[in-house]
Amino acid sequence: MRGRQTPPFFIGQAMNITVKLFASFRTGRFAEQRRCCAEGCTAGQVLAELAIAEAAVGVMLVNGKHIASGQALSEGDTLSVFPLLGGG
Amino acid sequence: MAEKIYRVNMTTLTVSAEDVPREWAALGGRGLTSTIVAKEVKPDCHPLGKYNKLVFAPGMLTGTACANSGRLSAGGKSPLTGTIKESNAGGSAAQCLARLGVKAIIIEGLPQKDSFYSLHVDKNGITIAEETELIGKGNYAVIKAVRKRRGDKVGVLSIGPAGEMKMALANISVRDPEGNMRSHGRGGMGALMGSKKIKYISIDDAGAPGVAIADPEKFKEASRVFAKCLLDHPVTGQGLKTYGTNILVNILHEAGGLPTQNFRTGRFDGHDKISGETMHDTIVERGGKPSHGCHAGCIIQCSQVYNNKKGAYLTSGFEYETIWGFGAGCCIDDLDAIAQADHMMDDIGIDTIESAVTVGVAMEAGIIAFGDGKGMLGLLKEIGKGSHLGRLLGAGAAALGKAYGLTRVPVVKGQGIPAYDPRSVKGMGITYATSTMGADHTAGYSTATNILKVGGFVDPLKKEGQVELSRNLQIATALIDSTGLCLFVAFAVLDKPEAFNAIVDMVNAKYGSSITGDDGIALGKSVLKLERAFNTEAGFTKTHDRLPEFFEELCPPHNVVWDFTNKEIDSFWDF
């Protein structure tokens, strides 16, 4: 399930991030992937690239902290994306 | 037929049926068990002595057609914590009792003779019989034998060897529709049942009058709305059914709140091997059941049947808390070993959370090493045998920690802290500190709002808003625990006001009452306050509403500490 995406061409600086998907979001996608994206890219843009509807997202974490989809990512960030979950 | 309170006197071996006092008429579940315990049990009594009582009560909506309403409350003074205790469980018993018109069973006194007994509940009342054949037997054997004696559909409440030995981590097992087990897990209620010398209670609801409903049409309408809310919500409608509660391993790991190696860090390297995603795939691959309900009428279906490598039944009701505790907590990244432990614990009759925290403390003590799965199974065997080491472990995490002179002992009021690090999921820390039950995640599940973003969002790493969050959740939980509803309905209720309104409408339709949502909240508050008043009389003060001081250490990866002042914690009770 782990893979490395071919870096697309960007105008300006590109950066490397790690994306982790969980539960149903893994189906047809991956569990963890290193990706390249344009500098200043937001979590929401990564979701759009992965065809994950924002409405289906329960929780997004960057480096283990909760974020909103508009947050810009930085070089080396780990973005973890979960559907709405419960348990306990 | 009017509902009755049954009083079982184990000293005289007699049973009496009483009319329900007016002030108890509209109560059920936790609201009723805690009210009875607060009124009738001496708060300073020994939990295993003659003055303690074991009270069972189905919830206000149990036995009706309302979805997910089959919970049973067990109350008394806890042999583990010394506080008041309500522990609730699914399984078939609650619905059988409610249909028989049993409002509550109060078991009191101690037998004069050194024999064990069984109780049988049916449409004619309750009978007591001496039991010899099943003494020393595990819960699986007990349930099998009782089904043979009393018929395949019989409801069963039983204790395993741990309960017979009055171990503080003993639970009470409840038969589920398939004949496997759910548990009144926390607080050592199995030891209380063992002290009353009751091996099992069988319940046959053949010919039962059923639950009276004042306005059946109104009830049907409200229960439809409620069921639709559960089915439409992504968590209660799909999420829990697909992945079970164990889906939480990965999200707690990512968020840095998965207590690892006896609460040293918030992340576990072996998380993926024990995760809900891995467990789901393993269950499907081995022909188990990824979804399963613990009682008839459950539409959430969070339970599952987990098979071994050969495709044969190994365990069911295999929960996040158990998998966290033996997995991350004890650093055992082997789901099969944990499943085997789950089966053993159900059979011996011990609480999986207290057992996991205790094994973590045993590893801290150096009895076995962190990560030693075989050693862990060996310790559980010792508990089942009742060896000297087994007895020490069976006294729970706090007692074991004391015996070994340890300070890293994760307990509050003597009860093991469950699966969310209070430093990085701070709302849970407030719940652990202030709960009337000792450290208990279900008492006020702040994880919902801290981590899962259900019912809004309160940043788990900051102090702001946590006391209020935990307070509101604990009040709402005391209400839900009184209705007989599974606590997981809260995932839908927190997001959908119409689900809460439907609960109020169902209560009104059943009782012919006209209570409001505010009355429900007032009930939740009054339950918490009467439980706290019992604890105060039992000798607990605000100094017991504290977390162990080792939580002042940094918790990686966020390097956070438990930083609430005593005044901030104590403000929880300002309502």
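**Reading the chain A and chain B interface**

User: How many residue pairs are in polar contact across the interface of chain A and chain B?

Analyst: Across this interface, eight residue pairs, with both residues at pLDDT 80 or more, are in polar contact (N or O atoms within 3.5 Å, one able to donate a hydrogen and the other to accept it; sequence neighbours count only through side-chain atoms). This is a predicted model, where local features need pLDDT of at least 70 and side-chain atom pairs 80 or more, while totals for chains, interfaces and linings use all residues. Residues count from 1 along each chain, chains are lettered from A and ligands numbered from 1, each in written order, and side-chain values use heavy atoms without hydrogens or water.

User: How many salt bridges are there between chain A and chain B?

Analyst: Two, where a Lys or Arg side-chain nitrogen lies within 4 Å of an Asp or Glu carboxyl oxygen. In one of them, A:Arg26 pairs with B:Asp272, with 3.8 Å between the closest N and O atoms.

User: How much area is buried between the chains?

Analyst: About 2000 Å², with 64% from carbon and sulfur atoms (accessible area, 1.4 Å probe, lost on being put together and summed over both parts). On chain A's side, A:His66, A:Leu85 and A:Gly88 supply 31% of the buried area, more than any other three residues.

How values were computed:
Buried area = accessible area lost by both parts, 1.4 Å probe.
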